[in-house]
Amino acid sequence: MIDFGIVRPGTTLYIPFATYDSNDPSASVTLTGLATTDIEVYKDGSVTQRASDAGYAPLDTDGIDVDA
């Protein structure tokens with residue numbers, strides 16, 4: 001888990017994540033079709049998700065690693 005500490009409103013956070021094959025947890029897989037609506041944001045461990053998808057977007061939507 002990444003601890004971002006206290007984050008001021010309007011700050012840009014880059015949150016990396018990886019995808020793996022459930023049949024081989026060590027095998028990285030290409031993720032395609034990820035959309036902003038697939039991402040849910042929760043604050044302070046709350047079980048209530050953020051009401052809007054506005055204000056955030058995935059940087060890599062073509063299934064190719066950003067850092068590759």
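Let us begin with A51, which is located in the segment after strand 2 (24-28); strands here are DSSP runs of E with at least two residues, helices are DSSP runs of H or I with at least four, and both are numbered from the N terminus. This is a predicted model, in which local features need pLDDT of at least 70, side-chain atom pairs count only at pLDDT 80 or more, and totals for chains, interfaces and linings use all residues. Residues are numbered from 1 along each chain as its sequence is written, and side-chain values use heavy atoms, leaving out hydrogens and water.

Is A51 buried or exposed? A51 is exposed, because its relative accessible area is 88%; exposed means over 50%, buried under 20%, and partly exposed in between, with a 1.4 Å probe and protein chains only. Between the C-alpha atoms of A51 and E40, which are 11 residues apart along the chain, the separation is 9.2 Å.

We turn now to V7. V7 has its place in the segment before strand 1 (20-21), and counts as partly exposed because its relative accessibility is 35%.

Finally, the chain as a whole. The chain has 2 strands and 0 helices. Of its 68 residues, 6% are buried. Among contacts (heavy atoms within 4.5 Å) with a separation of 6 or more, 17% are between residues 24 or more positions apart.
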